[in-house]
Amino acid sequence: MPLLSLPKEVAVGTAMLGIAFATGVLAGKRYPSLIFGTPKSSKSVIGKNSPLWQYILDHSLREHPILKKLRLLTMEHPWGRMMVSSDEAQLMANLVKLIKAKKVIEIGVFTGYNALNMALVLPDNGRVIACDINEDYAKIGKPLWKEAGVEHKIDLRIKPAIQTLDELLANGEAETFDFAFIDADKESYNEYYEKCLRLIRKGGIIAIDNVFFGGNVVKPRKNDLAVQSIHRLNEKLLRDSRIGISMLPMADGVTLAFKL
Ligand code: SAM
Ligand code: CA
């Protein structure tokens with residue numbers, strides 16, 4: 001029996017990650033490029049209506065019941081499509097477990113699906129430094145973090161992520177983190193990457209989301225700052241001798257950078 005009893009919702013909640021906006025108005029503020037594409041066009045590598053996509057979900061997704069609850073709740077939010085895809089989150093949880101991570105960073109929390117996802121697999125003294133500028137989104141997820149019994153592992157910091165990363169560095173925490181997920185404003189990706197690379201230990205992993213930017217990286221338009229930013233980072237990472245790299249065709253593209 002599939003672990004998810006609502007396959008249609010799963011398909012929407014995950015593949016819809018591939019549907020997004022180059023520019024969006026969120027909570028009354030403009031947040032360019034948090035997500036990508038246009039609301040009408042699915043940009044995930046495998047189309048959301050594809051039987052293969054459904055097969056992948058039916059044969060690989062093991063979603064914790066409270067994560068599922070948060071996913072369904074988030075999908076009711078007008079910006080629910082910003083949520084990370086559940087198969088991608090599962091990959092991150094597996095990596096976090098594999099490298100026996102204790103300290104991880106989430107840049108761009110939204111309702112906290114991936115923050116919860118990682119907290120669930122961290123040891124009891126593990127920590128997710130969860131960075132976002134909008135507390136209202138996190139308020140949606142917080143009760144479920146509590147219900148899952150992992151609230152104490154999530155350290156939510158409401159301020160620009162750059163500031164939080166600088167504070168961590170100033171606090172002497174360079175090379176003490178095991179894993180980071182970059183999933184906030186795309187124009188700052190290079191800065192997030194550079195700061196995370198300093199914060200992560202050797203053997204640690206940085207996962208970078210939306211590296212396909214709805215497929216637009218193939219032909220980046222000059223006036224699209226978000227796609228330009230991602231494309232430049234993609235080119236830089238290929239040549240970056242500080243890391244090993246894998247760019248995965250999952251959701252809207254995720255690059256794994258392994259610190260050497
Ligand atoms: N990783 C999330 C998940 O698990 O579903 C999805 C993150 S969503 C795509 C992007 C988030 O980045 C939004 O919640 C937004 O408020 C946040 N954000 C945008 N600019 C930011 C900044 N400068 N610093 C921190 N967070 C920011
Ligand atoms: Ca994303």
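The structure is a predicted model in which local features need pLDDT of at least 70 and side-chain atom pairs count only at pLDDT 80 or more, while totals for chains, interfaces and linings use all residues. Residues are numbered from 1 along each chain as its sequence is written, chains are lettered from A and ligands numbered from 1 in the order in which they are written, and side-chain values use heavy atoms, with hydrogens and water left out.

Side chains of opposite charge can pair when their charged atoms come close. With a salt bridge taken as a side-chain nitrogen of Lys or Arg within 4 Å of a carboxyl oxygen of Asp or Glu, the count comes to 14. One of these joins K259 to E175, with N and O 3.0 Å apart. Here K259 belongs to strand β9 (residues 254–259) and E175 to the loop between α7 (161–170) and β6 (177–182), so the pair ties together parts that are 84 residues apart in sequence. Helices (H or I, at least four residues) and strands (E, at least two) are DSSP runs, numbered from the N terminus. K259 is buried at 11% relative accessible area, whereas E175 is partly exposed at 44%; buried means under 20%, exposed over 50% and partly exposed in between, with a 1.4 Å probe and protein chains only.

A second bridge, between K139 and D136, has its closest N and O atoms 3.9 Å apart. Both residues sit in helix α6 (residues 135–147), three residues apart, which means a separation of about one helical turn. K139 is exposed, at 51%. R221 and D224 also form a salt bridge, again with closest N and O atoms 3.9 Å apart; R221 is exposed at 51%, but D224 is buried at 12%. Elsewhere, bridges with shared partners join E194, K236, D240 and R242 into one network.

Turning to the metal, the calcium ion (ligand 2) is coordinated at 2.2 to 3.1 Å by D183 (OD), D183 (OD), D209 (OD) and N210 (OD1). Donors are N, O and S atoms within 2.8 Å of the metal (3.2 Å for Na, K and Ca), and sites may look incomplete because water is not among the atoms. Along the chain the donors follow the spacing D-x25-D-N. D183, in the loop between β6 and α8 (189–199), and N210, in the loop between β7 (200–209) and α9 (225–238), link distant parts of the chain, 27 residues apart. D183 and N210 are both buried.

Backbone angles bring E175 back into view. Most residues other than glycine have a negative phi. E175, however, has a positive phi of about 60°. A251, in the loop between β8 (243–248) and β9, also has a positive phi, near 50°, and is buried at 8%.

Finally, there is a helix pair to consider. The axes of α3 (residues 65–75) and α5 (residues 113–121) come within 10 Å and cross at roughly 175°, which makes the helices roughly antiparallel (over 145 degrees; under 35 is roughly parallel, 65 to 115 roughly perpendicular and the rest oblique). Axes are lines fitted to C-alpha atoms, for helices over the stretch in contact, and angles run from 0 to 180 degrees between N-to-C directions. I66, L67, L70 and R71 of α3 meet Y113, L116, N117 and L120 of α5, with contact meaning heavy atoms within 4.5 Å.
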